[in-house]
Amino acid sequence: MKTEILLKQDLLAYWQGQRRLTRRVIDAFPEGDLFNFTIGGMRPFSAMCAEIIAIAVPSLRSFTSGKAEKLDEMSKFTSKEELLKQWDEDTENINTLFPQLSEAQFQQNFVLFGEYDLRIQQHIFYFIDNEIHHRGQAYVYLRALGIEPPYFWETF
């Protein structure tokens, strides 16, 4: 008898919980600091968010269409409002695209952005891990700015 450890819908719920928390972190930043504050040569958090945005939905579109898109992580955001608007649109797009993946596809390899050859499941784990990594950097920024970040376990 086969037992599922992680159901597809549970993975999506986990990912969206992480995205909700990251959205709250974005919202905690003062506008100017979101785009300009850095420590130790790291990028501003807005640039990290642009990377997350450039990966999630374009990757899911690639997986569901079978055609790899080009990675474009250049930040085109000039305000927190624009960034959050795109974040929210992407959240809805993820909810639409993710269910289109069959369970069998999760075990298939896909060359993402023309260079990263992994199983789709591994790509998705990377998307989530990458977002958590950058959110951790944002927590350091917020604390350096004297701002208490949201609790990391509040992903609901």
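# A tour of the pockets, salt bridges and buried sites

Helices here are DSSP runs of H or I with at least four residues, strands are runs of E with at least two, and both are numbered from the N terminus. The model is predicted, so local features need pLDDT of at least 70 and side-chain atom pairs count only at pLDDT 80 or more, while totals for chains, interfaces and linings use all residues. Residues are numbered from 1 along each chain as its sequence is written, and side-chain values use heavy atoms, with hydrogens and water left out.

**First stop: the largest pocket**

Now select Lys2, Glu4, Leu6, Leu7, Lys8, Leu11, Glu103, Phe106, Gln107, Gln121 and Phe125, which line the largest pocket. A pocket is found on a 1 Å grid over the protein atoms alone, as an open set of points with protein on both sides within 12 Å along at least five of seven lines, and a lining residue has an atom within 4 Å of a point. The volume of this pocket is about 290 Å³, where a volume is the space filled by probe spheres set on the points, and grid points are joined across faces, edges and corners. If you colour the lining by residue class, you will find five nonpolar, two polar and four charged residues. In this classification Ala, Val, Leu, Ile, Met, Phe, Trp, Tyr, Cys and Pro are nonpolar, Asp, Glu, Lys and Arg are charged, and the others, Gly among them, are polar.

How many salt bridges does a search of the whole structure find? The search finds seven, a salt bridge being a side-chain nitrogen of Lys or Arg within 4 Å of a carboxyl oxygen of Asp or Glu. Select Arg24 and Glu154, whose closest N and O atoms are 2.9 Å apart. Arg24 lies in helix α1 and Glu154 in the segment after α5, so this pair ties together parts that are 130 residues apart in sequence. Arg24 is partly exposed at 31% relative accessibility, and Glu154 is also partly exposed, at 23%; the terms mean buried for under 20% relative accessible area, exposed for over 50% and partly exposed in between, with a 1.4 Å probe and protein chains only.

Then select Lys85 and Glu89, which form a salt bridge with an N to O distance of 3.2 Å. These two residues are four apart in helix α4, so about one helical turn separates them. Lys85 is exposed at 52% relative accessibility, whereas Glu89 is partly exposed at 38%. A further pair to display is Arg143 and Glu148, with the closest N and O atoms 3.5 Å apart; both of these residues are exposed.

Go on to Phe113, which is found in the loop between β1 (109-112) and β2 (116-119). Phe113 has a positive phi of about 55° although it is not a glycine, and at 12% relative accessibility it counts as buried.

**Last stop: the whole chain**

Finally, zoom out to the whole chain, which has five helices and two strands in the order α-α-α-α-β-β-α along the sequence. Its radius of gyration is 16 Å, close to the 15 Å that the globule rule gives for 156 residues, so the chain is as compact as a globular protein of that length. That radius is taken over C-alpha atoms, and the globule rule is 2.2 Å times the number of residues to the power 0.38. The C-alpha trace spans about 50 × 35 × 25 Å along its principal axes, and 44% of the 156 residues count as buried. Of the contacts with a separation of 6 or more, 72% are between residues 24 or more positions apart.

Technical notes:
1 Å grid on protein atoms, 1.4 Å probe; cavity = no way out; pocket = protein on both sides within 12 Å on 5 of 7 lines; lining within 4 Å. Contact = heavy atoms within 4.5 Å.
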